[in-house]
Every structure is written in C-alpha cells, then in structure tokens.
Amino acid sequence: MKIQILFLDKNQMKIYVDAFSGEEIVSDSFNMEEKFEGAIGEVQSQDIVKGALNVDVGAGGHFGGKNEDEDDGGVDDQAQKVNNIIDAFKYAETQFTKADYVTYFKAYAKKVKAYLEANKPNRVAQFQKGAGEFIKWVSANFNDLQFYCPESYDMENHIVIGYYKEGQASPAFVYILDGLKEVKM
C-alpha cells in the first residue's frame with residue numbers, strides 16, 4: 001500500500017481574475033468581506049507612500065551622506081502617496097450615469113449568470129438574489145460611488161466600485177465575486 005502525503009502551501013497567494021477576460025482584479029492580500037448573499041466582496045484600501053526612502057543611518061557626511069547644514073543638492077526622491085489597491089492593480093477611474101451603470105450591470109449580470117449555470121449551478125439563485133440587493137444599494141448610493149476599470153480598460157467585463165465609508169480616509173472597493181475566478185500563485 002502506497003501512501004501519498006500532500007503538503008499545501010498556506011502561504012500561496014490567490015489572485016482573483018475576471019472570469020471572462022482573465023484580467024487580475026484583486027488578491028487575497030487584502031481582507032475581503034462578503035455581502036449580498038456572497039455575490040459581492042468589499043475590501044478597505046489604504047493610502048501608502050511609494051517611491052524612494054530617505055534613510056539616515058547617523059553617519060553624517062561619511063559614506064556619501066550629508067551633514068545637517070548641507071544643501072540637498074536638488075535630489076528629488078519622487079516619493080508619492082498612492083492608493084494600495086489602485087496602484088497594485090492599475091485601476092483607471094471611469095464615469096457612468098446611473099442609467100448607464102444599470103444597463104452595464106444587467107448585461108454583466110447576465111454573463112455571470114450564464115457562467116454560473118455552466119460552472120457553479122448551485123450559486124445561481126444566491127447570485128441573482130444578491131445582485132438584486134446590490135443594484136438597489138448602488139442606485140441608493142450612486143452619487144457617492146466611483147467606478148474603476150481594470151488596466152485594459154475593458155468596459156464589458158468587471159467594473160470595480162469605490163466609495164468612502166464613514167470615518168475612512170481611503171475608499172472601500174466593491175467586487176462582483178461570482179464574476180471572478182481564483183488563481184493560485
């Protein structure tokens with residue numbers, strides 16, 4: 001009798017890609033909360049500083065450092081404040097009217113439903129219920145929402161919604177989970 005032991009790498013990262021285009025949308029590096037019958041996922045983003053760091057090891061002018069009274073010499077470190085999710089997945093902001101978004105969502109939800117019928121038939125009813133609740137939420141909060149395309153700017157597949165929760169300095173992002181596929185890296 002042969003026994004096979006499999007070791008699972010618990011540190012393996014998961015990327016969530018659009019089920020239709022294969023484009024990376026978000027990863028499990030960010031804590032996601034499920035909403036609306038598990039049809040929607042929400043992630044809180046953060047603003048981070050990206051770019052060169054100024055590290056003072058306390059050596060003054062030694063080893064190429066400078067003394068406190070020396071001029072900077074015009075060096076620009078190009079450090080900038082960015083949103084961690086927008087930067088990581090290269091989202092581009094786009095615009096919708098409420099009617100345009102509803103039209104987009106109906107077409108996308110129809111694609112997702114067909115995808116679920118073929119791949120996860122037990123999710124169809126929950127998705128439809130959750131999608132109905134979600135579009136009501138979008139309509140009620142439309143003026144507070146921002147819309148983002150993935151890097152390809154593909155307007156027919158996954159559109160990400162951002163909004164500011166009370167007390168948060170960075171937006172939360174909303175994803176249609178049933179329109180995403182999990183890929184282990």
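Which residues does N157 touch, not counting residues up to four places away in sequence? The legends below describe close-up views of a predicted model.

View 1. Setting aside residues up to four places away in sequence, N157 touches D18, F20, S21, Y104, Y108 and K111. The side chain of N157 also makes a polar contact with the side chain of D154, at 2.5 Å. N157 has a relative accessible area of 7% and is therefore buried, since buried means under 20%.

**View 2. The largest nonpolar core, with 28 residues.** The members that touch the most other members are Y101, F105, F127, F134, V138, F147 and I161. At least two residues of this core come from each of α2 (98–119), α3 (124–141), β8, β9 and β10 (172–176). Helix α2 gives the most, with 8 residues. Leaving aside neighbours within four places in sequence, Y101 is in contact with F96, F134, I135, V138, F142, F147 and I161.

**View 3. A second, separate core of 14 residues.** Among the residues of this second core are Y16, I25, F30 and V43.

**View 4. An open sheet of 3 strands.** The strands follow the order β2-β1-β11, and their pairing is antiparallel. Strands β2 (24–27) and β11 (180–184) are the edge strands, each pairing on one side only. From one strand to the next, the twist averages 35 degrees.

**View 5. The pairing of β1 with β2.** Strand β1 (residues 14–18) is joined to β2 by 3 bridges, and the two run antiparallel. Here V17 stands opposite E24 in β2.

Conventions
Residues numbered from 1 in each chain as written. Predicted model: local features only at pLDDT ≥ 70, side-chain atom pairs only at ≥ 80, totals over all residues. Heavy atoms only, no water. Buried < 20%, exposed > 50% of the residue type's maximum accessible area, 1.4 Å probe, protein only. Polar contact = N/O pair within 3.5 Å; in protein donor to acceptor, adjacent residues only side chain to side chain. Contact = heavy atoms within 4.5 Å. Core = buried A, V, L, I, M, F, W, Y, C linked by side-chain atoms within 4.5 Å. Helix = DSSP H or I, 4+ residues; strand = E, 2+ residues; numbered from the N terminus. Pairing = 2+ DSSP bridges. Axes fitted to C-alpha atoms, helices over the stretch in contact; angles between N-to-C directions.
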